[in-house]
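My entries follow in the order in which I made them.

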Amino acid sequence: MKTQIHTISVPSDGSYDNEALSCSTLDISTHNGEPHGGLRGSNEFILSDSGQKINSDDDQAGQLHLWLQRKAKSAFSEKMIKKRLPILRWLPQYNSTDAIGDLVAGITVGLTVIPQALAYSGIAGLPAAYGLYGSFLGCIVYIVFGSCKDVPMGPTAIASLLTFQTAGGSVGRAILLCFLSGLVELMMGILGLGFLVDFVSGPVSSGFTSAVSLIIVTSQVKDVLGISASGSTFLEIWGSIFKDIHNVQVWDTFLGITCIAVLLIMRIIAGLKVGPADDELKSKNHRIINKIMWLVGTSRNAILVVVCGAIGYSFQASAAVPFKLIGYIPPGMPSFKAPPFSLTANETLSGREESFSDMVSSLGSGLIVVPLIALMENIAICKAFSNGKPVDATQELIAIGLANIANSFVQGFPGTGSLSRSAVNNASGVRTPMGNIYTMALVVLSLLFFTPYFSYIPRASLAAVIIAAVVFMVEVKVVKPMWRSKKSDLIPGLGTFIACLVLPLEAGILFGVGLNVVFILYHAARPKISVERLTSPGGTEYLIITPDRCLIFPSVDYVRNLVTKQSIRQSLPVVIDCSHVYGADFTAATVIDSITQDFAKRDQPLFFYNLKPSVCATFEGLSPADFVVYYREEHLDDLLKQRAFKPKEVISA
């Protein structure tokens with residue numbers, strides 16, 4: 001039997017009337033005598049500037065020329081320029097209120113970023129000064145290109161740990177990693193690849209962040225205890241700690257634990273409020289006290305580092321320092337020069353010269369992982385403070401890419417937006433990205449005038465700053481709602497968490513993404529299928545099977561087995577409702593061909609209802625026999641009469 005398709009013929013212009021609309025409950029009146037209100041589908045086409053349709057078989061060079069013209073026109077339009085240079089949108093409306101808000105927020109963030117930059121250098125395995133080097137020039141770049149007012153560009157805990165695992169504590173490699181990561185981010189932005197972060201699901205992101213937090217805390221335990229330890233993974237670091245545990249320094253341990261306790265108490269103070277619960281009922285004194293408590297709590301890192309530095313200096317004067325200090329920091333600004341594209345024997349840990357290709361090879365997968373994780377951090381911040389507005393991932397990639405490229409010319413290591421500093425920025429009342437300029441000014445002042453005093457800061461106090469900050473990044477709070485919402489999501493989240501603790505971070509995040517993809521493929525291979533016994537308008541009983549998604553290679557065998565099982569068991573005409581099938585592939589076409597043959601051998605009718613023209617074309621590519629498609633319910637009785645089907649004895653299950 002030849003293929004039967006109960007639909008109208010397709011006109012020469014490639015359009016068709018959607019007969020499925022006839023069965024809709026919507027009241028669609030005719031328009032100029034055309035069915036369905038004149039609603040018509042069509043094949044893909046390109047409209048020229050004159051409005052003429054250019055068919056796909058027309059001159060390809062002409063189409064390419066028109067496409068390039070449109071792209072060039074849109075790239076240099078006023079709208080696109082303002083989109084790629086966000087400063088042009090808010091700077092003309094900048095006023096004194098914005099300036100005051102940005103000044104307060106910028107100074108507050110600056111007091112936070114200086115101690116964090118010194119501490120994060122230790123996580124990256126670099127001298128303390130390099131954290132400050134990466135905390136000022138990128139801020140200026142982000143003012144021009146950044147789209148989120150709350151993002152303070154600079155080193156972060158996660159980026160620092162990834163830098164250590166990728167560069168291995170080599171200054172030259174870390175600077176080159178900053179440059180190359182910026183280039184990768186910039187190219188991803190130009191090519192519009194911001195969607196790649198969508199492949200990292202919420203559970204995988206939570207598992208990764210939690211594991212990184214524990215690794216960072218573990219890496220700082222050695223400084224709190226005053227011992228030596230090495231390693232890049234969670235297990236390696238703890239193994240090294242236990243090997244040197246007999247060398248614990250009492251004063252370092254006492255100072256570190258005390259600093260952690262003080263920071264946690266000051267964090268609580270920042271959230272305390274005095275006076276009535278209603279802000280309108282608070283007196284002026286109440287507001288002043290609350291503001292002071294908030295400022296003290298927010299600036300807790302800077303206050304602690306200054307106090308501990310003074311303690312270290314007092315002991316240094318007496319020539320009896322019971323603590324390990326961070327040591328000498330070169331005074332002044334870093335020199336502006338290109339990142340190193342080769343290393344001499346004196347600059348490498350192995351004592352061998354390294355060419356550019358050797359350095360790139362040693363960085364390995366970090367060249368991809370570091371930019372992706374930086375984008376994840378930055379997008380998380382933008383979404384957290386966007387108030388429901390859409391986030392332009394492409395623009396953020398361009399901004400952080402250019403910022404990292406700029407930082408590499410002043411010896412900075414990779415950075416991105418910091419969630420903790422963004423929270424401070426937002427709570428301080430920042431109005432525009434201009435707040436970054438005041439943060440930059442504080443960092444520059446500290447480099448010019450205060451670096452000699454930074455050398456007296458105890459390592460245990462910086463370790464306490466890191467531990468007190470990142471311990472709250474362990475996302476325990478998501479486990480309970482995830483368990484209530486969908487328990488299976490705990491598997492990729494927990495798998496990522498364990499993998500990141502045991503394996504290097506880039507391998508752990510790839511494992512988590514891979515595990516998540518397996519779950520997605522499993523769900524694609526097992527679509528939800530409803531099976532119902534219905535009666536046609538003419539009184540004939542039939543079986544209708546409705547898959548809820550596209551028919552593609554992972555799922556077609558599962559659908560085939562279910563259709564075959566149910567059709568044999570029920571011994572009724574079968575209708576496959578394809579209303580939700582928006583796509584199909586060659587494998588699905590071969591399976592449909594096989595199914596139609598099986599039904600034909602059993603002399604059992606099989607019909608396809610509401611099949612999309614594109615899917616129908618895919619199935620017809622194999623010219624299946626007895627392939628019948630219809631679009632109106634009243635056609636079913638006509639088809640059943642044509643087949644003169646007589647039900648056989650029902651086969652028991």
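Where is the place of alanine 468? I found alanine 468 in helix α19 (residues 459-470); helices here are DSSP runs of H or I with at least four residues, strands are runs of E with at least two, and both are numbered from the N terminus.

Before going on, I noted that this is a predicted model, in which local features need pLDDT of at least 70 and side-chain atom pairs count only at pLDDT 80 or more, while totals for chains, interfaces and linings use all residues. Residues are numbered from 1 along each chain as its sequence is written, and side-chain values use heavy atoms, with hydrogens and water left out.

**Alanine 468.** I read a relative accessibility of 10%, so alanine 468 counts as buried (under 20% relative accessible area; exposed is over 50%, partly exposed in between, with a 1.4 Å probe and protein chains only). Not counting residues up to four places away in sequence, alanine 468 touches Leu263 and Leu264 (contact means heavy atoms within 4.5 Å). I also checked valine 217, which is 251 residues apart from alanine 468 along the chain; their C-alpha atoms are separated by 8.8 Å.

**Helices α4 and α18.** I took α4 (residues 96-123) and α18 (residues 435-454) next, and their axes come within 7 Å and cross at roughly 40°. Axes are lines fitted to C-alpha atoms, for helices over the stretch in contact, and angles run from 0 to 180 degrees between N-to-C directions. The angle makes α4 oblique to α18, since angles under 35 degrees count as roughly parallel, over 145 as roughly antiparallel, 65 to 115 as roughly perpendicular and the rest as oblique.

**Helices α9 and α22.** The axes of α9 and α22 (residues 505-525) come within 10 Å and cross at roughly 160°. That makes α9 roughly antiparallel to α22, and this crossing too I logged as right-handed. Val204, Phe208, Val212 and Ile215 of α9 meet Leu505, Ile509, Gly512, Val513 and Asn516 of α22. By class I have 7 nonpolar, 2 polar and no charged residues there.

**Cores.** Which residues touch the most other members of the largest nonpolar core? Of its 92 residues, I listed Leu118, Leu132, Phe208, Ile216, Ile373, Phe454 and Leu505; such a core is a set of buried Ala, Val, Leu, Ile, Met, Phe, Trp, Tyr and Cys residues joined through side-chain atoms within 4.5 Å. Helix α9 (residues 202-225) gives the most to this core, with 10 residues. Another core lies apart from it and has 27 residues, including Val559 and Tyr631.

**Positive phi.** I logged serine 571, with phi near 50°, in the loop between α23 (556-570) and β10 (574-577). Its relative accessible area is 10%, so serine 571 is buried. Aspartate 603 has phi near 55° and, at 51% relative accessibility, counts as exposed.

Conventions:
Left-handed = near helix turned anticlockwise from the far one by under 90°. Nonpolar A, V, L, I, M, F, W, Y, C, P; charged D, E, K, R; others polar.
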